[in-house]
Amino acid sequence: MRMRTLRHLSYIGTTIFLTSTPFFAGCTGSIADGVDDDGETPGGGAGGDDSGGPTLPPPDTCVPGIPATTQIPRMLNRQYDNTVRDLLGVTGVGADRKLPSELLVDDFDGPMTPPAWGIYQDVAAQIAKDVMAGPNKSKFISCDPAASGCLEQTIKTFGRKAFRRPLTDEEVARFLKLGQTTPAGTPEEVAETTLLAFLVSPSFLMLPELTTTPDPSGRGIKLSSHEAATRLSYLLWGSAPDDILNAAADGDQLQTKEQILEQAQRMIAVREKTGPLVTAFHRNWAQMDNGSAHWWKGDHDTETYPLYSAAAKPSWQAELNAFFEEVAFGGGSFEDLLLSNVAFVNKDNAAIYGLDPAMYGTELTKVELDSNERPGFLTRVGFLSSYSGYNATSPILRGAFITTYMLGVNPGPPLPGATMLTVDGEFETQRAYVEELTKPESCKGCHSVINPPGFVMEGFDGIGKVQTTDPRGGAIDASVTTNTIDFGDGKVKEITSPLQLMQEIAQTQKAKQLYAQAWISYAYGRDPNGNDKCLVDQLDMKLSQGGYTVLDLMADLTQSDSFNVRVRETQ
């Protein structure tokens, strides 16, 4: 009987999701009216609405203006995890305690699909059940559901957090209808279904921006303080606003850039909540989440590299995550990402760094390496091992990464079958082998750009250990590591060491532009475009100034005109 009642209440709760909230007023696309007559499910997207997303100017030149954005961005899966964790204490669901996002459909743009919508309902039902039966119940309801006024107060209090704004009287009334069904549910059942209704509401799953008040400058529509709080919190924390930010929004204290900056700086300082954004962004910038990149894919011959263990890869990943976070929260700048000698060592990588593994356990320990020998993340085990072959280094892979992603030069794809080519002969160094391999005229054009940075890195073997003798027998000396590299804008220099290479990259304007653009695209969730190029240019200038830190850049992302003013796409 209880299961039948819960199913009935869940159905009604889902219906309330579709009909409650002024979210639908003023929305565009099929979501505006909830479920259409043909049974379409709610729409919206992470990066665009049902129209397929706004058309933006090309990214090469600054075009003053505010990029058009959707009114109804959908919460990303990582944001969903963070939000249910912060609101309800939920870090896993079901018997196997999986992250909620592991059960959801992967992030996608465009309208909601029936399979995705069905899974949202299933996950919400499981979360509601777990919360009401577990130790986190009070995070949702802290009074007796049977007591007079308890449910109404819970709807208002929890709803304020879940919807990131106060509920209207009409919304409160609709949620209260869950206690007026036939057959009637018990107070506990009604409370559980009320939580379910919140978790499947578009005002929870989406981050709607429906204010229509014009910005005084005439540039577009000014976000309300509640909408600005949501943008700020999901940009920096990937989660719902905290009590302090909610109070500022309720007091309409997020209307000026100064007010927003004050909150942004406060929030950025909370390392526990901002740290995940820092590491996630830098993994994205370094292409670790790019399925076409070489991170973590290959293994190595343990006869050639006896210190290698495939089981150590997770700790190598964790080291880079810790490195990026430490640079940022240690007051580091863009340059420090390429030059810092900070490393995180455990028994898996200590020997590779020339340290005694007996001095370390499984936990990563912060150390400082030789700054001349180990500058920045490109000299850490994770990169050097990932961008190598099975039993040899790969100047081509290392050089292509640096050329493409650090210097912004696209050498083009390899010729068909190029990766399968070999060359016969006796070669004392890997450099000599690669030079012969890429000697044909059809290869020279690309490899004259790709190979030199890779040769500079030949002082590190296939798993990232310093080497002075090539496994082929020759010496790794200046004749191997000295190369002439074109850094763009007419700057061509002879480079003799990884340190000199990293110093030059850190000062290269294109590298700084790529870094700034990567932050803007990641934080704002849109592709490079001419409007955002104006902000790229501003950040590029600041990155060239001394003392401008990664955290300063993050705060400046909240100061752009496009942060608190939106423009609707012209249909």
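A word on ground rules. Residues are numbered from 1 along each chain as its sequence is written, and side-chain values use heavy atoms, leaving out hydrogens and water. As this is a predicted model, local features need pLDDT of at least 70 and side-chain atom pairs count only at pLDDT 80 or more, while totals for chains, interfaces and linings use all residues.

**Exercise 1. Find out where the model has pLDDT below 50.**

Solution. 
- Start with the term: pLDDT is the predictor's confidence in each residue, from 0 to 100.
- Next, take the overall picture: the mean pLDDT of the protein is 90, and 90% of its residues reach 70 or more.
- Then look at residues 1–5, where pLDDT is below 50 and the stretch has six contacts (heavy atoms within 4.5 Å) beyond near neighbours in sequence.
- Move on to residues 19–51: pLDDT stays under 50 here too, and the model has 91 contacts for them beyond four places in sequence.
- Finally, a reading tip: where pLDDT is low, the predicted coordinates should not be read in detail.

**Exercise 2. Work out which residues have the most contacts inside the largest nonpolar core.**

Solution. 
- Define the core: it is a set of buried Ala, Val, Leu, Ile, Met, Phe, Trp, Tyr and Cys residues joined through side-chain atoms within 4.5 Å. Buried means under 20% relative accessible area, exposed means over 50%, and partly exposed is in between (1.4 Å probe, protein chains only).
- Now the answer: the largest core has 87 residues, and those with the most contacts inside it are Leu-236, Trp-285, Trp-295, Phe-377, Leu-501, Ile-505 and Tyr-515.
- Ask which helix gives the largest share: helix H22 (residues 509–524) does, with nine residues. Helices (H or I, at least four residues) and strands (E, at least two) are DSSP runs, numbered from the N terminus.
- Zoom in on Trp-285: leaving out residues up to four places away in sequence, Trp-285 touches Phe-324, Phe-334, Leu-337, Phe-377, Met-406, Tyr-515 and Ala-518.
- Apart from this core lies another, of 44 residues, including Ala-128, Ile-155, Phe-163 and Phe-198.

**Exercise 3. Describe the second largest pocket and its lining.**

Solution. 
- Begin with the term. On a 1 Å grid over the protein atoms alone, a pocket is an open set of points where a 1.4 Å probe fits, with protein on both sides within 12 Å along at least five of seven lines; lining residues have an atom within 4 Å of a point.
- Take the volume (the space filled by probe spheres set on the points): about 1100 Å³.
- Look at the lining: there are 40 residues, and Ile-396, Leu-397, Pro-414, Thr-419 and His-447 lie nearest the centre.
- Sort the lining by class: 23 nonpolar, 16 polar and one charged. Here Ala, Val, Leu, Ile, Met, Phe, Trp, Tyr, Cys and Pro count as nonpolar, Asp, Glu, Lys and Arg as charged, and the others, Gly among them, as polar.
- Trace the helices: H17 (395–406), H18 (430–437) and H19 (441–456) each supply at least two lining residues. The largest share, seven residues, comes from H17.

**Exercise 4. Decide whether Gln-430 and Thr-194 are buried or exposed.**

Solution. 
- Gln-430 lies in helix H18 and, at 8% relative accessibility, counts as buried.
- Away from its sequence neighbours up to four places off, Gln-430 touches Ala-392, Thr-393, Pro-395, Glu-458, Asp-470 and Arg-472.
- Thr-194 sits in helix H8 and has 0% relative accessibility, so Thr-194 is buried as well.
- Setting aside neighbours within four places, Thr-194 is in contact with Phe-140, Leu-151, Ile-155, Phe-175 and Leu-178.
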